[in-house]
Amino acid sequence: MQRLTETKAWQALDTHAKEIRPQHLRQLFAEDDERFTRFSLTHEQLLLDFSKQRITATTLDLLRQLAAQADWQGWIARMRQGEAINHTEGRAVGHCRLRAGEQAPEEVRQVLVRMADFCERIHSGQYRGYTGERITDIVSLGIGGSDLGPRMAVHALAAFQQADLRVHFVSNLDSADLAGTLTHLNPRTTLFVVASKTFTTLETLTNAETARNWLLAAAGRHSAISQHFVAASSNLAATSAFGIAPENVFAFSDWVGGRFSLWSSIGLPIALAIGFRHFEQLLAGARNMDEHFFSAPAESNLPLTLALLGLWNTNFLNAHSHGIFPYSHSLGLLPAHLQQLEMESNGKRIDRNGLAVDYATNPVLWGEPGTNGQHSFFQLLHQGSALVACDFIALARSDFPLPGHHSGLLANCLAQSSALAFGQTADEARASGIETALLPYRTFPGNQPSTTIILPKLTPFTLGQLLALYEHKVFCLGVLWNLNAFDQWGVELGKQLASRLAPILRGERQDNTLDDSTRGLITHLRQFRS
């Protein structure tokens with residue numbers, strides 16, 4: 001079987017990369033007065049500017065040939081037809097069905113109707129706690145995809161927050177997370193949403209059981225549980241045993257992966273936070289990007305282009321790190337969501353044929369909102385020794401407009417992407433009055449590749465577009481690298497080991513097969529725990 005690196009398309013890119021690596025973005029821009037026009041795409045009012053990537057028209061042509069070789073459109077068709085493209089788990093990949101509107105499966109539409117009704121009952125005050133008081137606080141208990149996506153979306157859409165309802169998120173098994181949240185809440189007016197497909201997740205169930213005990217200590221009766229706990233889960237037996245009423249369980253199917261699940265009933269905290277009408281707009285924005293991705297040719301396809309640029313930087317320019325810099329405080333949690341979305345999906349070394357790859361796969365993803373990052377790690381980007389590809393994300397209009405703020409924020413965003421691309425030469429530093437002895441410290445090599453994404457404003461609809469854009473980027477990279485982007489066996493390994501070690505830490509049993517380091521650490525920890 002021919003390896004990816006042995007294919008004609010890959011080898012053509014490898015040869016081309018030798019020509020591109022010595023070239024500077026200054027040179028590429030000097031040779032093309034219309035570079036921005038040639039290397040930017042729009043979908044409706046969303047702009048993708050990749051003119052500061054170290055590419056030429058030939059680069060894009062060769063990358064698209066690689067995509068055709070990988071049959072990216074055929075893989076889209078397989079996903080849409082419900083084929084089990086998650087082959088190691090024997091599952092279809094159906095998160096796009098969750099936001100398909102009238103074309104969504106009946107089971108999806110039924111759950112959305114129930115979510116809408118539940119949100120209305122909470123917001124109108126019809127749904128009340130065990131003392132008859134209105135619900136004022138929602139606590140979402142989940143972890144991973146059941147937490148990061150909804151948490152990010154609720155933070156991002158703070159401008160649409162329901163005025164009389166506060167939504168909190170608890171994910172960490174560290175008791176400080178839950179205890180710090182409960183300290184400020186009233187059990188009579190707090191509703192918990194337990195988000196776990198299997199209703200067996202250790203972290204989530206531990207937090208849920210502690211929250212249930214907190215409620216029972218105040219209520220004094222078991223029946224209060226059904227009024228203060230709801231679940232996004234498919235395990236009705238387990239939710240019933242916990243005390244959650246069947247009508248308060250919102251199911252979703254096994255073809256919904258955790259990191260793609262905010263569009264499902266896992267998104268109930270989002271709908272409660274911003275209202276179901278706005279949640280529908282979030283779904284509509286994602287559906288809008290789905291339709292673009294499914295139908296646009298390679299030359300104008302935004303998610304495919306984003307994926308091709310990622311592959312180019314990772315495999316041919318050797319960028320092993322990718323920064324996500326939203327110049328929006330509201331999008332401050334987006335890097336954390338994308339970390340899971342991208343690294344859990346494509347952070348793999350075994351391809352679809354069961355063979356170890358001989359090329360780099362997903363880079364390390366990280367980020368921080370601007371302008372905070374400029375005052376910390378941007379120094380490394382400007383004068384460090386590593387190549388770091390970047391995405392800058394900005395809003396044309398602020399979601400919280402205050403005079404004098406947003407123009408300064410946008411100026412910083414544009415300045416940083418420009419400075420990273422073009423740097424500053426010794427002659428330019430000298431011309432600005434820098435003394436000769438300091439010239440080595442005041443020159444900047446530039447040539448750091450970046451893409452800038454601009455949304456007209458941050459709304460549920462445009463957030464849906466943005467998130468779906470990145471989801472489809474992940475899908476395309478999985479196809480290009482010949483990976484299954486929809487399993488996560490590495491995560492499962494850690495869970496298995498943790499379940500084995502917990503009873504040993506509690507002193508309930510011994511295990512002589514442990515490695516010497518783990519055994520020594522447990523011995524040390526138990527000195528303090530006893």
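A salt bridge is a side-chain nitrogen of Lys or Arg within 4 Å of a carboxyl oxygen of Asp or Glu, and this predicted model holds 21 of them. One joins the side chains of aspartate 137 and arginine 166, with N and O 2.8 Å apart.

**Helix α19 and the cores**

- Of the 21 residues in α19, 20 are buried, and the helix is followed by asparagine 482, whose phi is positive, near 60°.
- The largest nonpolar core has 115 residues, with Leu463 and Phe475 having the most contacts inside it, and α19 gives the most to this core, with twelve residues.
- Apart from this core lies another of 22 residues, including Val170 and Leu215.

- Aspartate 137 in strand β3 and arginine 166 in strand β4 are 29 residues apart; the aspartate is buried, at 2% relative accessible area, whereas arginine 166 is partly exposed, at 47%.
- Arginine 26 and glutamate 428 meet at 2.7 Å, N to O, and they link helix α2 with helix α18 across 402 residues.
- Aspartate 487 pairs with lysine 348 at 2.8 Å between the closest N and O atoms; both lie in loops, so the pair ties together parts that are 139 residues apart in sequence.
- Aspartate 487 counts as buried at 6% relative accessibility, and lysine 348 counts as buried at 15%.

Technical notes:
Residues numbered from 1 in each chain as written. Predicted model: local features only at pLDDT ≥ 70, side-chain atom pairs only at ≥ 80, totals over all residues. Heavy atoms only, no water. Buried < 20%, exposed > 50% of the residue type's maximum accessible area, 1.4 Å probe, protein only. Helix = DSSP H or I, 4+ residues; strand = E, 2+ residues; numbered from the N terminus. Core = buried A, V, L, I, M, F, W, Y, C linked by side-chain atoms within 4.5 Å.
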